[in-house]
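Please look over the sequence and the fold shown below before reading on.

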Amino acid sequence: MEKKNILVVDDDAMNLATAKHILEPKGHNVMICSDGKSCIQALLSGDVDLLLLDIEMPGMSGLEALSKIRETPSIADIKTIFLTASTTRENLTEALRLGALDFIRKPFKAEVLYERLDKVFTVNTSKDYVLAIDDEQINHIMVKQIFGIRYNIECALSGEEALSMMEEKIPDLILLDYHMPQMNGLEFMEKMFKNPKFEDVPVIFLTADEDPKTEVSVFKAGAMDYIRKPFIAAVALQRVNRILEFVRMRKALADRMGGDH
């Protein structure tokens, strides 16, 4: 694997020393921080390829730090793996929503760390297929302009049209408008998830709706993210890419577990 710049953040000095001892002999440049605030400063001032981040830290937790990172365009797409001794289901869910690519239990072994890093940096040269669903054609043009260079974008004017297209080819991710005639975004998700073929397709709502209750309802329905229009193109791209990276990691993990049986 190509040598990487890796930032390790943990309030336990022993964990920091262990990470350096494991990674530096492989040629990686290992930087260390002991809290969330200095982590963000290090990301802003340096070239970092991967963030290994403790979840439970005093002052600013790993989840709080990653939330701030995702809100900062210049560092929002940093690949992140959480280091954790133990955590709640709620913390794990929030970590996944924030785009954590994996979790490594502490104390960690060298072979586990090497394996996870290999998976994170596996290159995927094919373009992901993103299906945008919106009843306004002008929004199709906008989506293609913003996302078309990086992804294979197709558009549907309604939920019914999208479901028909999905029978031919399952998208890697769906960008979904909330307010549409005949079938709104929530109704589309409910119908989509009833089909086992589509239950693992991630959904990001892309909408001008500003009602906080709407945001709550889409996450309860199973959406992975919620981006309000108008949005900053670079931030939207980073958030889409983060979720697609998580999906690839989840598929790789499922394949590995399947191979173990």
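The paragraphs below take the sheet, then the helices on it, then one glycine.

This is a predicted model, in which local features need pLDDT of at least 70 and side-chain atom pairs count only at pLDDT 80 or more, while totals for chains, interfaces and linings use all residues. Residues are numbered from 1 along each chain as its sequence is written, and side-chain values use heavy atoms, with hydrogens and water left out.

An open sheet is built from 5 strands in the order 7-6-8-9-10, with parallel pairing. Strands (E, at least two residues) and helices (H or I, at least four) are DSSP runs numbered from the N terminus, and two strands pair if DSSP finds at least two bridges between them. The edges are strand 7 (152-156) and strand 10 (225-228); each has a single partner strand, so one side of each lacks a neighbour in the sheet. From one strand to the next, the twist averages 20°. Strand 9 (residues 203-207) is joined to strand 10 by 4 bridges, and Leu206 stands opposite Ile227 in strand 10.

Helix 6 (residues 137-147) lies across strands 6, 7, 8 and 9, at about 170° to strand 7. Helix 9 (residues 212-221) lies across strand 9 and strand 10, at about 150° to strand 10. Axes are lines fitted to C-alpha atoms, for helices over the stretch in contact, and angles run from 0 to 180 degrees between N-to-C directions.

Gly36 belongs to helix 2 (residues 36-45). Leaving aside neighbours within four places in sequence, Gly36 is in contact (heavy atoms within 4.5 Å) with Met57, Met60 and Ala65. Gly36 and Ala65 are 29 residues apart in sequence, and their C-alpha atoms are 5.3 Å apart in space.
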